[in-house]
Amino acid sequence: MTGPSVPVDLTDVDLFVSGRHLDAFAWLREHRPIHWNEGADGSRFWALTRYEDVHWAYREHASFGSARGAILGGSFRSDDDTAAGRMLVASDLPRHRLLKQQIAPALSAAVVDRIGDQVRVLLDKAVGQAVAAGGCDFATEIATELPAGALMVVFGIGHDEAHHLIGLTRRMVGFRDETFVDTGGDQKLRLAWTQAEIFDFFAGLLPQRRRDPGDDLVTLLLRARVNGRRMSEEDIFYNCMNVAVGGNETSSYTACHGIEALITVPDQYDLLRGRPDALPGAIEEMLRWSSVNAYVQRVAMRDVERDGHLIRRGDSVTLWNVSANRDPAQFPDADRFDVTRSPNRHLSYGAGIHRCIGAPAAQRELSLLFGALLATPARFRLAGTPRRLRSNFILGTTSLPLAVG
């Protein structure tokens with residue numbers, strides 16, 4: 001099972017913060033595309049790094065289940081996720097389908113239109129202020145308005161509450177990053193405490209929605225019946241957290257990577273400013289390029305053989321989107337940022353039954369943001385060194401100083 005030793009440990013957060021992970025994945029795709037990773041943290045898991053293998057595993061949902069949770073490490077005092085079978089991202093069929101039916105109306109096409117309207121208002125103000133001031137920290141002053149607008153609509157909350165919730169989810173995802181938390185003490189205990197704070201936030205909404213129901217996600221889940229039974233309060237909290245975390249990270253961090261790519265590859269910035277019609281394709285390239293959700297975890301439901309490797313029932317298997325999206329077998333000249341790239345069948349939203357339910361909302365948010373940035377005569381440039389999130393799961397940017405010039 002273990003195979004030959006390789007100079008890669010995908011639990012090494014510094015590998016990702018420094019940007020060296022792309023070279024590591026290039027090595028793995030060529031020499032060890034199905035890699036048994038023995039982490040310094042004691043974790044043991046398979047890592048799929050080629051596009052064809054990652055896409056295959058997404059589609060083989062009967063062989064690779066989600067009940068262990070999407071993130072390596074499990075939950076406090078457990079190797080498995082306590083949300084197993086209770087939260088959309090950590091459930092398998094038929095439970096997954098039943099949960100998705102309850103959550104989907106909160107992210108319908110009509111709701112995405114309302115999200116777009118709210119995000120547009122927030123961006124008009126944020127971009128206008130940045131231009132007037134001659135610059136900003138894009139990561140904290142502009143990018144976070146994308147999830148803020150979405151949360152305001154999906155949960156029926158105000159702007160301040162939305163940013164408070166973003167802060168909570170950022171602390172959970174950034175549990176190893178001193179930007180968000182005190183990194184001393186036990187990491188799993190820190191995660192459990194932050195999750196409890198997020199649950200407390202949603203617990204505060206329940207009595208309000210019982211008294212004054214609306215069309216928000218909390219109201220929908222209070223009314224929901226799964227297999228004829230009402231959802232428990234804890235199940236409601238888990239699924240609200242699922243939507244909040246997914247929505248908070250993808251669009252805002254993709255936006256940071258996207259504007260940074262345009263600045264550092266100026267011919268693509270020029271092309272897009274001259275051809276606004278190329279924006280939809282540019283958004284897809286930003287999603288591929290950033291691969292914010294670096295991987296997802298699965299658990300083998302049976303023994304599976306792939307390319308000479310035996311993946312045994314119960315093994316953890318990680319699907320590395322960030323590597324698949326740079327696979328030259330799927331994307332010619334994969335390390336070039338090309339806003340006209342077509343086709344561009346990236347895996348940044350996943351694939352199969354677990355494709356991101358919030359993808360249409362994220363697409364709308366990103367389109368509005370870059371439409372607004374391209375519409376202003378101002379051109380942005382780097383005004384400092386970007387700071388990366390300390391994570392191998394979410395490839396984020398916690399600070400991105402920009403100037404207008």
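Between which helix and which strand is the loop that holds Ser291 found? Select Ser291 in this predicted model: the loop runs between helix H13 (residues 279-290) and strand E7 (residues 295-300).

**Stop 1**

At Ser291, phi is near 45°, a positive value in a residue other than glycine. Ser291 has a relative accessible area of 2%, and since buried means under 20%, Ser291 is buried.

Leu395 belongs to the loop between strand E12 (387-388) and strand E13 (397-399). Its relative accessibility is 10%, so Leu395 also counts as buried.

**Stop 2: Asn227**

Select Asn227, in the loop between strand E5 (225-226) and strand E6 (229-230). Asn227 is not a glycine, but its phi is positive, at about 55°. Is Asn227 buried or exposed? With 63% relative accessibility, Asn227 counts as exposed.

**Stop 3: helix H5**

Select residues 109-133, which form helix H5. At 1.5 Å a residue, the 25 residues of H5 should span 36 Å; the C-alpha atoms at its ends are 35 Å apart, which agrees. Colour the buried residues of H5: Val111, Val112, Ile115, Gly116, Val119, Leu122, Leu123, Ala126, Val127 and Ala130. Among the elements that cover them are strand E4 (135-137), helix H6 (138-141) and strand E14 (401-404). Helices H7, H8 and H15 also belong to this cover. Just after H5, Gly134 takes a positive phi of about 85°.

**Stop 4: H5 against H15**

Two packed helices are described by the angle between their axes and the distance between the axes. Angles under 35 degrees count as roughly parallel, so H5 is roughly parallel to H15. The crossing of H5 past H15 is right-handed. On the H5 side, the contact is made by Val112, Asp113, Ile115, Gly116, Val119, Arg120, Leu123 and Val127. On the H15 side, Pro360, Ala361, Arg364, Glu365, Leu368, Leu369 and Leu373 take part. The residues of this contact divide into 10 nonpolar, 1 polar and 4 charged.

**Stop 5: H7 against H8**

Now show helix H7 (residues 145-155) with helix H8 (residues 159-173). How far apart are the axes of H7 and H8, and at what angle do these helices pack? The axes are 9 Å apart and the angle is about 115°. That angle makes H7 roughly perpendicular to H8. H7 passes H8 in a right-handed crossing. In H7, select Glu145, Pro147, Ala148, Leu151, Met152 and Phe155; they meet His159, Ala162, His163, Leu165 and Ile166 of H8. This contact comprises 8 nonpolar, 2 polar and 1 charged residues.

**Stop 6: two cis peptide bonds**

Select Leu93 and Pro94, which are joined by a cis peptide bond with omega of about 0°. Pro94 lies in the loop between strand E3 (64-65) and helix H4 (95-103). Then select Ser342 and Pro343, where a cis peptide bond again has omega of about 0°. Pro343 lies in the loop between helix H14 (321-324) and H15.

Key
Residues numbered from 1 in each chain as written. Predicted model: local features only at pLDDT ≥ 70, side-chain atom pairs only at ≥ 80, totals over all residues. Heavy atoms only, no water. Axes fitted to C-alpha atoms, helices over the stretch in contact; angles between N-to-C directions. Helix = DSSP H or I, 4+ residues; strand = E, 2+ residues; numbered from the N terminus. Parallel < 35°, antiparallel > 145°, perpendicular 65-115°, else oblique. Left-handed = near helix turned anticlockwise from the far one by under 90°. Contact = heavy atoms within 4.5 Å. Nonpolar A, V, L, I, M, F, W, Y, C, P; charged D, E, K, R; others polar. Expected span 1.5 Å × (residues − 1). Buried < 20%, exposed > 50% of the residue type's maximum accessible area, 1.4 Å probe, protein only.
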